[in-house]
Amino acid sequence: DSNGRMVLYPSQALETWECPGYPPDPENCVTNDMPTVAGLRSVVEKMLGTAWGSDENRKNWADLKQILPEVPTGSGKLQPCQICPNTTGNVENAELYAVHPYRLYTAGKGNGNASVAVEAFNTKRFTTDYGWNQNIMDAALLGMAQQAQEYAVSRASVGAAPGYRFPGFMPNMQDFAPSADHLSVMNNALSYMVLQSDDSPGQKLTLL
């Protein structure tokens with residue numbers, strides 16, 4: 001772009017924000033989607049934080065970091081993409097991928113930078129939390145204890161899937177039976193509710 005930064009276009013933000021039709025319309029097509037931007041920033045930052053790689057590798061990573069798109073934000077909160085189409089096709093809060101799985105904004109970082117993520121969580125489009133929905137993990141990572149607790153209790157209250165001997169199998173919720181997501185997502189969130197890393201090279205841990 002005019003600032004020398006990479007532009008990710010045409011793109012898509014998971015299965016929820018996609019470019020309708022072909023050829024894509026620049027004014028109604030995903031540009032600089034949050035999952036890709038957050039993922040690139042997270043990975044490059046971690047690579048630079050290690051001692052691994054040749055001098056040439058590390059220079060290339062540092063150069064790449066300088067031209068990566070900015071994390072998409074607007075109206076005081078994270079956004080799913082810098083430019084988003086008018087319609088959605090699924091129920092994923094793509095803007096919160098900067099929280100989970102890429103952890104650019106978390107309570108564990110302890111640097112007070114999470115306000116845009118908290119606002120995005122509080123105004124998220126899709127509020128369900130079961131199966132692969134990630135709201136419980138986002139709440140836990142942002143230190144929103146009451147909300148995370150309510151999600152955890154709700155998930156744990158779901159009965160076992162019918163027709164299986166193992167009581168830990170959950171019923172079909174989105175994709176297949178038994179659900180492999182419902183309790184595993186809850187288990188991840190329970191871990192985040194107790195202990196979080198700041199993702200620095202030293203991996204400082206915070207007991208919440």
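Leaving aside its neighbours within four places in sequence, which residues is N113 in contact with? Counting heavy atoms within 4.5 Å as a contact, the partners of N113 are L104 and Y105. This is a predicted model, in which local features need pLDDT of at least 70 and side-chain atom pairs count only at pLDDT 80 or more, while totals for chains, interfaces and linings use all residues. Residues are numbered from 1 along each chain as its sequence is written, and side-chain values use heavy atoms, with hydrogens and water left out.

N113 sits in the loop between β4 (81–83) and α3 (115–122); helices (H or I, at least four residues) and strands (E, at least two) are DSSP runs, numbered from the N terminus. With a relative accessible area of 26%, N113 is partly exposed, the class between buried (under 20% relative accessible area) and exposed (over 50%), worked out with a 1.4 Å probe on protein chains only. From N113 to F169 is 56 residues along the chain, and their C-alpha atoms are separated by 38 Å.

On a 1 Å grid over the protein atoms alone, a pocket is an open set of points with protein on both sides within 12 Å along at least five of seven lines, a cavity is a set where a 1.4 Å probe fits but cannot get out, and lining residues have an atom within 4 Å of a point. Grid points are joined across faces, edges and corners, and a volume is the space filled by probe spheres set on the points. The largest pocket takes up about 430 Å³. It has 20 lining residues, and R41, S42, E45, L104 and K109 are the closest to its centre. Helix α1 (residues 34–48) supplies the largest share of this lining, with 6 residues. Sorted by class, the pocket lining has 8 nonpolar, 5 polar and 7 charged residues; here Ala, Val, Leu, Ile, Met, Phe, Trp, Tyr, Cys and Pro count as nonpolar, Asp, Glu, Lys and Arg as charged, and the others, Gly among them, as polar.

The largest cavity has a volume of about 40 Å³, and its lining is made up of N172, M173, Q174, D175, F176, S179 and D181. That lining splits into 2 nonpolar, 3 polar and 2 charged residues. D181 belongs to the loop between α5 (145–156) and α6 (182–194) and is partly exposed at 23% relative accessibility. Its C-alpha atom is 5.2 Å from that of W132, although the two are 49 residues apart along the chain. Neighbours within four places in sequence aside, D181 is in contact with G131, W132 and R155.

Then there are the rings. The structure holds 3 aromatic pairs, where rings of Phe, Tyr and Trp (its six-membered ring) pair if their centres lie within 6.5 Å, with planes under 30 degrees apart called stacked, over 60 edge-to-face and the rest tilted. Y164 and F169 make an edge-to-face pair, 5.4 Å centre to centre with 80° between the planes. The centres of the F166 and F169 rings are 5.2 Å apart and their planes stand at 90°, so this pair is edge-to-face too. Ring pairs join Y164, F166 and F169 into a cluster. Its members are partly exposed: Y164 at 35%, F169 at 32% and F166 at 49%.
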